[in-house]
Amino acid sequence: MRSKSELEAAVRDPHRRRAVLMVNTRSRRGRRRLPVVRRLLAEAGLDFARVVPVTDPAKLDALFAEVLALKPDLVVVGGGDGTIAAAVSHLAHRDVALGVLPLGTTNNFARTLELPMDTARAVRVLLDGKVADVDVGWFAGTDDPDDPDGRGHIFANMVSLGLSVRVAEHVPHGLKRVLGRPAYALTAARLLPGHRPFRATVRIGDESFDLTTHQLNIANGAHHSGQRIARDAGPDDRLLAVYRLGDGRRLRLAAATVRHVLTGQWRSLGEEAFHTAGEVSVSTEPPLPVDVDGEIRGRTPVRIVLHGNALKVFVPQSFVDV
C-alpha cells in the first residue's frame, strides 16, 4: 500500500496516472451533467483510461470489478450517496484514491468531506486538493439477501432504523429529481401519522441501554439529510455516533428533526444526546429492516464496527486530516 503522498504523486503525474471516471447517469444531476463533467475534466488536463456511464445501478458491483481489474490510481465517481457508498465499499482498504463529484440529492458523504457542491469547484479539488485517509463503517445484519454468507458490508455514512427506512422505500424518484432534499421531508410528513415507534437495545462495550423512538441513527459521517449532525463529527474521528430523534411520541420526532436541522452545526458529540464508540450492536423486538446508506440491508439485530483510515479520498486542502 502506498502512502497518501505517494498515491497523490502518482495521480498528479500524467505519465504514470491510471484513472477511471464513473458517473451514475440516473442520479439527480448525473445525466445532464455528464457532458459538463467530461468537459471540465478535460479542461483541467485529467485524462482517463476508461469512462463508465452507469445506466443501471444494479450493475455497479460488476462495473467496479471491471474497473479495479485496470489497477487504477484514481477512480472519480459522480453520483449521489448511493453511488458513492458503492464506490466506498469497493475502494476501502485498497491502494487507490477516490475522487467524488456530488451529483445526487443530499450528498451527505461529499458534505462530510467538505467538498463543494458546485461541479466545477469539485473538479478543482482533484487538481488542487490532497489525498486524506478517512474512516468507513462495517455493518452486518440478518436476513440480508445481498449477504448470504454473513460477511457484512462496508458503508460510508449512516445506518438507520425507523421512519427513514419507510421514507427510503417510498420517496418517489420523480419527486427527488424535481425537489431535491425537500422530497424526503414531504415523504416523511406523509408517513409519520401512521408510523409506530419501536423499542431498541443498544450495546456499546459492556454497557447496554434501552430506548423507544421513531428514528435511530448510527453515523460514521458528519451529515444526515444534508445537514450537519454535530460540529465536531468528522469522517476521520475514529468514532461512530449513535443518536435517536425524539422518543415514542410523533411530535417529539418532528421537534427533534427540526432541532437537528437548525442546530446541528453548533451541537457537540459530547452532549447527552449522543453516544460514541468504535463498535455498536442494536437489537429490536420485533426485528426491523435497516437502512444502510439509503439501501435496505437485512434486519436487526445488527453489528456495526468502525474501520479507521480505511479509505483514501481527494479532499480540499482546508480539510483537517487527523
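A residue counts as exposed when its relative accessible area is over 50%, as buried when that area is under 20%, and as partly exposed in between. With these cut-offs in hand, the model, which is a predicted one, can be read from its overall make-up down to single residues.

The protein chain has ten helices and 17 strands. Of its 322 residues, 54% are buried. Its accessible surface comes to about 14,500 Å², and carbon and sulfur atoms account for 50% of that area. Among the contacts with a separation of 6 or more, 72% are between residues 24 or more positions apart. A few such pairings are taken up again below, residue by residue.

Two packed helices are described by the angle between their axes and the distance between the axes. For H3 (residues 60-69) and H4 (residues 81-91), the angle is about 45 degrees and the axes are 10 Å apart. H3 is therefore oblique to H4. The crossing of H3 past H4 is right-handed. On the H3 side, the residues that meet H4 are Leu-60, Asp-61, Phe-64 and Leu-68. Their partners in H4 are Thr-83, Ala-86, Ala-87, His-90 and Leu-91. By class, this contact between H3 and H4 is made up of six nonpolar residues, two polar ones and one charged one.

How much of H4 is buried? Nine of its eleven residues are, so H4 is largely enclosed by the rest of the structure. The buried set consists of Asp-81, Thr-83, Ile-84, Ala-85, Ala-86, Ala-87, Val-88, His-90 and Leu-91. Thr-83, Ala-86, Ala-87, His-90 and Leu-91, listed above as meeting H3, belong to this buried set. Just after H4, His-93 takes a positive phi of about 65 degrees.

Setting aside neighbours within four places in sequence, Leu-311 is in contact with Val-88, Leu-91, Ala-92, Leu-98, Phe-109, Ala-132, Asp-133, Val-134 and Val-136. Two of these partners, Val-88 and Leu-91, are among the buried residues of H4.

Thr-119, in helix H6, is buried with a relative accessible area of 3%. Thr-119 and Val-36 are 83 residues apart in sequence, and their C-alpha atoms are 8.6 Å apart in space. Gly-79 lies in strand S3 and counts as buried at 1% relative accessibility. From Gly-79 to Leu-101 the sequence separation is 22 residues, while the C-alpha to C-alpha distance is 6.6 Å.

Lys-71 has a phi near 55 degrees, a positive value in a residue other than glycine. This lysine is placed in the loop between H3 and strand S3 (74-79). Is Lys-71 buried or exposed? At 59% relative accessibility, Lys-71 counts as exposed, because 59% is over the 50% cut-off. Glu-114, likewise not a glycine, has a positive phi of about 65 degrees. The residue sits in the loop between helix H5 (108-112) and helix H6 (119-128), and its relative accessibility of 40% makes Glu-114 partly exposed.

Cis peptide bonds complete the picture. The bond from Glu-285 to Pro-286 is cis, with omega near 5 degrees. Pro-286 is found in the loop between strand S15 (279-284) and strand S16 (289-292). Thr-300 and Pro-301 are also joined by a cis peptide bond, for which omega is about 5 degrees.

Technical notes:
Residues numbered from 1 in each chain as written. Predicted model: local features only at pLDDT ≥ 70, side-chain atom pairs only at ≥ 80, totals over all residues. Heavy atoms only, no water. Axes fitted to C-alpha atoms, helices over the stretch in contact; angles between N-to-C directions. Helix = DSSP H or I, 4+ residues; strand = E, 2+ residues; numbered from the N terminus. Parallel < 35°, antiparallel > 145°, perpendicular 65-115°, else oblique. Left-handed = near helix turned anticlockwise from the far one by under 90°. Contact = heavy atoms within 4.5 Å. Nonpolar A, V, L, I, M, F, W, Y, C, P; charged D, E, K, R; others polar. Buried < 20%, exposed > 50% of the residue type's maximum accessible area, 1.4 Å probe, protein only. Areas by Shrake-Rupley, 256 points an atom, 1.4 Å probe, with all protein chains shown as cover.
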